[in-house]
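User: I am new to this structure and would like to learn how to read it. Could we go through it feature by feature, with the general idea before each case?

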Amino acid sequence: MNYFYKFSQKEKLYLVIKGIGVVLLFSYFFYRSLWAVLPLLFLFFLYQKYAAKQLIYKKQEELRQQFKEVMEMVSGNLKAGYSVENAFLETYREMNRFYGKESAVEKLLAFIKIGLENNIPLEKRIREAGKKSKIREIEDFAGVFGAAKLSSGNMTDIMERTALVIGEKIETEKEISILLSARRTEQKIMNVVPFFILCYLDITSPGFFQALYHNLSGIIIMSICLFLYLLAYALSIKMLTVEV
């Protein structure tokens with residue numbers, strides 16, 4: 001698990017419970033057998049991987065927003081007369097009060113702080129933090145920061161410009177997300193429609209699907225249906241994934 005995006009016990013439990021729920025749901029609707037849970041365990045691990053990736057993405061977006069705030073705070077501390085290293089250390093204390101020790105930005109700044117305490121150059125530590133967090137803006141900033149430090153550039157302007165660029169990117173992503181929100185809602189509805197149809201037919205026409213369960217031909221047919229459903233689900237996610 002990435003150091004900056006380490007899951008809490010509550011988040012881990014939530015993912016496990018949702019994964020178990022997914023397996024039980026599919027075993028009932030596609031096979032009507034608890035024995036199906038065993039071969040469907042691969043769905044548990046697939047869902048865990050997918051859900052963890054989504055949660056990490058959410059944490060990355062939060063960290064990107066928080067890094068913008070870091071740049072603004074560092075810029076303010078530089079104007080107050082701090083050296084650039086001390087400006088980051090003071091920002092660490094301020095962000096720690098705002099977001100707490102479990103936040104990704106606290107881990108990011110703690111990583112930088114530990115580097116400074118061990119005489120690691122600030123620009124190198126920021127670059128390492130960018131690679132570990134997988135946030136391109138932090139890596140790009142490290143390169144610009146290192147070049148500006150060598151040429152004695154205006155650090156305050158660099159911090160403010162970085163905050164502005166990150167803010168513009170966040171706003172662009174929000175606009176795209178708003179444009180796609182209706183499509184994402186439609187996707188979620190279509191993903192659950194087959195289960196509602198099965199429930200409706202089970203209630204109104206008991207035994208209608210009985211021929212598809214507990215026999216070899218039925219298992220083969222339902223396995224094909226499961227494969228097609230998972231394929232459609234994966235394609236729908238891919239179609240609505242947009243990177244800025």
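**Reading the helices, contacts and a pocket**

Analyst: Leaving aside neighbours within four places in sequence, Leu198 is in contact with Phe29 and Phe209, where contact means heavy atoms within 4.5 Å. This is a predicted model, in which local features need pLDDT of at least 70 and side-chain atom pairs count only at pLDDT 80 or more, while totals for chains, interfaces and linings use all residues. Residues are numbered from 1 along each chain as its sequence is written, and side-chain values use heavy atoms, with hydrogens and water left out.

User: In which helix is Leu198 found, and is Leu198 buried or exposed?

Analyst: Helices (H or I, at least four residues) and strands (E, at least two) are DSSP runs, numbered from the N terminus. A residue is buried under 20% relative accessible area, exposed over 50%, and partly exposed in between, with a 1.4 Å probe and protein chains only. Leu198 is found in helix H7, and its relative accessibility of 14% makes it buried. Leu198 and Phe26 are 172 residues apart in sequence, yet their C-alpha atoms are 12 Å apart in space.

User: What does the side chain of Asp202 make a polar contact with?

Analyst: A polar contact is a pair of N or O atoms within 3.5 Å; within protein, one must be able to donate a hydrogen and the other to accept it, and residues adjacent in sequence count only if both atoms are side-chain atoms. Asp202 belongs to helix H7, which covers residues 155–204. The partner of its side chain is the side chain of Arg32, at 2.3 Å. Apart from neighbours within four places in sequence, the contacts of Asp202 are Tyr28, Arg32 and Phe209.

User: Where does Arg32 lie, and what is its phi?

Analyst: Arg32 lies in the loop between helix H1 (9–31) and H2. Its phi is positive, about 50°, although Arg32 is not a glycine. His214 is another non-glycine residue with a positive phi, of about 65°. His214 sits in the loop between H7 and helix H8 (216–239) and is exposed, at 57% relative accessibility. Just after H2, Gly81 takes a positive phi of about 110°.

User: How many Å should helix H4 span, and how far apart are its end C-alpha atoms?

Analyst: The expected span of a helix is 1.5 Å times one less than its number of residues. For the 14 residues of H4 (residues 104–117) that gives 20 Å, and the end C-alpha atoms are 20 Å apart, which agrees. H8 has 24 residues and reaches 35 Å from its first C-alpha to its last, close to the 34 Å expected.

User: Why is H4 described as largely enclosed by the rest of the structure?

Analyst: An α-helix has 3.6 residues a turn, so residues three or four places apart point the same way. In H4, 11 of the 14 residues are buried, so this helix is largely enclosed by the rest of the structure. Among the buried residues of H4 are Leu108, Leu109, Phe111 and Ile112. The buried residues of H4 pack against helix H2 (41–79), helix H3 (84–99), helix H5 (122–133) and helix H6 (136–150). Asn119, which follows H4, has a positive phi near 60°.

User: Which residues of H8 are buried, and what do they pack against?

Analyst: In H8, the buried residues are Gly218, Met222, Leu226, Tyr229, Ser236 and Ile237. They pack against H1, H2 and H7.

User: How much space lies in the second largest pocket, and which residues are closest to its centre?

Analyst: On a 1 Å grid over the protein atoms alone, a pocket is an open set of points where a 1.4 Å probe fits, with protein on both sides within 12 Å along at least five of seven lines; lining residues have an atom within 4 Å of a point. Grid points are joined across faces, edges and corners, and a volume is the space filled by probe spheres set on the points. The second largest pocket holds about 230 Å³. Of its 14 lining residues, Lys6, Lys59, Glu102, Ser103 and Lys107 are the closest to the centre. H2 and H4 are the elements that give two or more residues to this lining.
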